[in-house]
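User: I'd like a close look at one part of this model, the aromatic contacts. Could you walk me through them?

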Amino acid sequence: MDVFASAAAVATVRDLVEPSVRFVDVVPGADTSSVDAAWLSADLWHGGTLGVFFAGLRAAPRVRWVHTSSAGTDGAGFDELRARGVLLTTSHVNATPIAEYVLAMVLRHYQRPGEWDAARRERTWAHHDFREVLGTTWLVIGLGAIGSEVATRARAFGARVIGVRRSPSGDEPVDLMVTPDALPDVASDADVVVLSRPASPGAPPIVDTAFLSAMRPGSVLVNVARGSLVDDAALLAALEQGVPEHAILDVFDVEPLPDDSPYWAHPRVTVTPHSANGGLGRYRRAAELFASNLDRFVRGELTP
């Protein structure tokens, strides 16, 4: 069994797979003619080698399965693999750090620790009050692994959570569950709106002028899903009008975010570089999941 994977990823999984598995490193010009499977690990997303990975797969006639450390498989490279009949499997190892990021960033906006830092630098004993999560209402759009982890943590802080899902299962960790058609009715209830659902190719943004007009004063928008879910022009216009109060954006329609984007300098926008998933624990979880799936693939239990 030959697997196309980066050396960094192999180091995390080598003790979990059979010695007979041969790994082909993700480097330019790698011979992938014998590759049966591939692992798109987290380091490849941000290490400048994503193009090398997909180029290697284009030259891999035998590849039948590709596993990715991400939760989504949108993009041209994945579309090519699907067209070839390659099996794609995804991962939810990032749900924990993304949920922690959401809570941390909302708390940061509410508590304004920068004011304490500024006072400390000036050696000033300056008190300020801050908002609490307790008693707020959160609207979590998308109740998959990430949205469920966000909802669980928000409720642990005493928030009421409204979940939005196309096909509710009935066991979501929320106080109220609605389907997307009810969004106009619940948008005005939310102090915090979290986008955590997949994007559909060609679908219009969820957060558009109508949605933003329904949001309540003092509300916060958090996007940890896909930039295409937000109408940027509409959001910037709404921020200028004061609602929402703040936008926390980890994903954008164009990444990296262009130098001339107004988001960079906007005083009511927090920009992070698609890194909400950066928890260190994800590496071991990813290795264990890949090793388990590889074992299933070898046994013939994973088929396109």
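This is a predicted model: local features need pLDDT of at least 70, side-chain atom pairs count only at pLDDT 80 or more; totals for chains, interfaces and linings use all residues.

Analyst: Phe290 counts as buried, with a relative accessibility of 0%. A search of the whole structure turns up nine aromatic pairs, and Trp65 with Phe290 is a stacked one, because the ring centres sit 5.5 Å apart and the planes are at 10 degrees, where anything under 30 degrees counts as stacked. Trp65 belongs to strand β4 (residues 65–68), while Phe290 belongs to helix α11 (residues 282–298), so this pair ties together parts that are 225 residues apart in sequence. Trp65 is buried as well, at a relative accessible area of 0%.

Elsewhere, aromatic residues gather in a group: Phe4, Trp45, Phe53, Phe54 and Phe78 make up one aromatic cluster.

Arg282 lies over the face of Tyr283, at 4.4 Å from the ring centre.

Aromatic residues also turn up around a cavity. The count comes to one cavity of 30 Å³ or more, and the largest cavity has a volume of about 40 Å³. Phe252 and Tyr263 are among its lining residues, along with Asn223, Gly227, Val230, Asp232, Leu249, Val251 and Asp253. Sorted by class, that lining has five nonpolar, two polar and two charged residues.

Terms used. Residues are numbered from 1 along each chain as its sequence is written. Side-chain values use heavy atoms; hydrogens and water are left out. Rings of Phe, Tyr and Trp (its six-membered ring) pair if their centres lie within 6.5 Å; planes under 30 degrees apart count as stacked, over 60 as edge-to-face and the rest as tilted. Helices (H or I, at least four residues) and strands (E, at least two) are DSSP runs, numbered from the N terminus. Buried means under 20% relative accessible area, exposed over 50%, partly exposed in between (1.4 Å probe, protein chains only). A charge sits over a ring if NZ of Lys or CZ of Arg is within 6 Å of the ring centre and within 35 degrees of the ring normal. On a 1 Å grid over the protein atoms alone, a cavity is a set of points where a 1.4 Å probe fits but cannot get out, and a pocket is an open set with protein on both sides within 12 Å along at least five of seven lines; lining residues have an atom within 4 Å of a point. Grid points are joined across faces, edges and corners, and a volume is the space filled by probe spheres set on the points. Ala, Val, Leu, Ile, Met, Phe, Trp, Tyr, Cys and Pro count as nonpolar, Asp, Glu, Lys and Arg as charged, and the others, Gly among them, as polar.
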